[in-house]
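Work through the exercises below with the sequence and the structure at hand, and try each task before reading its solution.

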Amino acid sequence: LPLVSTVFVVNSDMVGTYEDEGKLFALDARPATPGRSALDAVRPAFADLDVDPDETGDLSDQVSFCEMGIPGLFFHTPDNHCYHQTCDVPDRIDYPHLARIAALVGAVTQELANGEHGLVDAREAGCVPPTEDPGE
């Protein structure tokens, strides 16, 4: 898919450790953005997950897209014990929550694709890189 045709990116990175903090971060889901709108539309069906949409994500793949003007969302769960260490093994994955997170990310993606969230307008407006977040 050519980048010129890309209007939004959804990134899930390190979402297997929900139990560490009991929280899923939906980074870059700023208020009045398509990502926040789509997330808010599906959140009632995922009330069992504590989703925090109020942080920015500056350390993952969506940042490269943002630098090219493509807005997005970054889903992440903290890994306070084994991030980038040899103890980061499959036995540590929280599979039940991972399945729910995957379902939520899928629902958000479907909502973005099929809903009325202003993706084209948001793409035309560009993206504010996290290091330039106007809310900070």
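**Exercise 1: A strand and its partners**

In this predicted model, strand β4, residues 72-76, is largely enclosed by the rest of the structure, because five of its five residues are buried. Task: work out which residues of β4 point one way and which the other way, and how β1 and β2 run relative to β4.

Solution. Begin with the side chains: Gly-72, Phe-74 and His-76 point one way from β4, while Leu-73 and Phe-75 point the other way, and all of them are buried. Next, turn to β1, which runs parallel to β4 and is joined to it by four bridges; within this pairing, Asn-11 has Phe-74 of β4 as its bridge partner. Finally, turn to β2, which runs antiparallel to β4 and is joined to it by three bridges; here Phe-25 has His-76 of β4 as its bridge partner.

**Exercise 2: Positive phi angles**

Task: look at the phi angles of Met-14 and Asp-28, and say where each residue lies.

Solution. Recall that most residues other than glycine have a negative phi. Met-14, although not a glycine, has a positive phi near 60 degrees; this residue sits in the loop between β1 (9-12) and α1 (18-21) and is partly exposed at 24% relative accessibility. Asp-28, which is not a glycine either, has a positive phi of about 70 degrees; it belongs to the loop between β2 (24-27) and α2 (34-42) and is buried at 9% relative accessibility.

**Exercise 3: The disulfides**

Task: find how many disulfides there are, and determine which pattern they follow along the chain.

Solution. A disulfide is a covalent bond between the sulfur atoms of two cysteines, and the count here comes to two. One of them joins Cys-66 and Cys-127, whose sulfur atoms are 2.0 Å apart. Cys-66 lies in helix α3 and Cys-127 in the segment after α5 (119-125), so this pair ties together parts that are 61 residues apart in sequence. The torsion about its S-S bond is about -95 degrees, and therefore the disulfide of Cys-66 and Cys-127 is left-handed. Cys-66 is buried at 6%, whereas Cys-127 is partly exposed at 21%.

Cys-82 and Cys-87 also form a disulfide, with their sulfur atoms 2.0 Å apart, and a torsion of about -120 degrees about the S-S bond makes this disulfide left-handed. Cys-82 is buried at 5%, whereas Cys-87 is partly exposed at 29%. Counting the bonded cysteines along the chain then gives the pattern 1-4, 2-3.

How values were computed:
Residues numbered from 1 in each chain as written. Predicted model: local features only at pLDDT ≥ 70, side-chain atom pairs only at ≥ 80, totals over all residues. Heavy atoms only, no water. Helix = DSSP H or I, 4+ residues; strand = E, 2+ residues; numbered from the N terminus. Buried < 20%, exposed > 50% of the residue type's maximum accessible area, 1.4 Å probe, protein only. Pairing = 2+ DSSP bridges. Disulfide = S-S within 2.5 Å.
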